[in-house]
Amino acid sequence: VVFTLALSKRLSAAGSKVKAVSCAPGASSTGLLQTTQSTGELSWVMQMSKPLYAALYVQSAEDGTMPLLTCMYDPSVQSGDFFEPANAEGLKGPAVKTELEPHCKTAENEEVLWEASCAAVGEFVVAAA
């Protein structure tokens, strides 16, 4: 998310019409939960309470795509926006724009992450599109 904010600012400064947005699917019924459980990454408490947890906090895989689809197709989405499910602390529900935590929006954090990313994969040149 922080990288996306830095990219959004660079795209805007370059006069690009490209939007940089981010999203989170929430807790969706995909193979990830089963994979995590089979590798022993879930605590015994989570393993025992999985059916209750799923009933309260897990949405379908299809519903988990809604934040991504919103970012892709909703014309009101602006560069730098972040979408996630509205309910259960971002775990399920309709996709909504979510205000980021203040530490995600500092110029210092954006610059640190941008520089580290460029160091890891090479310089990323932003040009008008």
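In the predicted model, strand E1 and strand E2 (residues 82-87) are joined by 2 bridges and run in the parallel sense. Within this pairing, Ser22 stands opposite Phe82 of E2, and Cys23 has Phe83 of E2 as its bridge partner. Helix H5 (residues 66-73) packs on the sheet and touches E1, E2 and E3. The direction of H5 makes an angle of about 135° with that of E2.

The second pairing in the sheet is that of E2 with E3, which run antiparallel and are joined by 4 bridges. Glu84 is the bridge partner of Val96 in E3, and Pro85 is the bridge partner of Ala95 in E3. E2 and E3 form a hairpin with 4 residues between the strands. In this hairpin, Ala88 takes a positive phi near 55°. As a general point, the strands of a sheet pair through backbone hydrogen bonds, in either a parallel or an antiparallel arrangement.

Taken together, the 3 strands make up an open sheet with mixed pairing, in the order E1-E2-E3. Strand E1 (22-23) and strand E3 (92-97) are the edges of this sheet; each has a single partner strand, and therefore one side of each is left without a neighbour in the sheet.

The helices were examined next. Helix H1 (residues 2-13) packs against helix H6 (residues 107-121), with the two axes 8 Å apart and at an angle of about 95°. Because of this angle, H1 is roughly perpendicular to H6. Two values, the angle between the axes and the distance between them, are used in general to describe a pair of packed helices. On the H1 side, the contact is made by Val2, Phe3, Leu5, Ala6, Leu7, Lys9 and Arg10. These residues meet Asn109, Glu110, Glu111, Leu113, Trp114 and Ser117 of H6. By class, the residues of the contact of H1 with H6 comprise 7 nonpolar, 2 polar and 4 charged residues.

The segment after H6 contains Ala127. Not counting residues up to four places away in sequence, Ala127 touches Ala14 and Ser16. Ala127 and Ser16 are 111 residues apart along the chain, while their C-alpha atoms are separated by 6.8 Å.

For the protein as a whole, 6 helices and 3 strands were assigned. Along the sequence, these elements follow the pattern α-β-α-α-α-α-β-β-α. Among contacts with a separation of 6 or more, 65% are between residues 24 or more positions apart. The protein has 129 residues, and 25% of them count as buried. Its accessible surface was computed as about 8,200 Å², and carbon and sulfur atoms account for 61% of this surface.

Conventions. Residues numbered from 1 in each chain as written. Predicted model: local features only at pLDDT ≥ 70, side-chain atom pairs only at ≥ 80, totals over all residues. Heavy atoms only, no water. Pairing = 2+ DSSP bridges. Contact = heavy atoms within 4.5 Å. Axes fitted to C-alpha atoms, helices over the stretch in contact; angles between N-to-C directions. Buried < 20%, exposed > 50% of the residue type's maximum accessible area, 1.4 Å probe, protein only. Areas by Shrake-Rupley, 256 points an atom, 1.4 Å probe, with all protein chains shown as cover. Parallel < 35°, antiparallel > 145°, perpendicular 65-115°, else oblique. Nonpolar A, V, L, I, M, F, W, Y, C, P; charged D, E, K, R; others polar.
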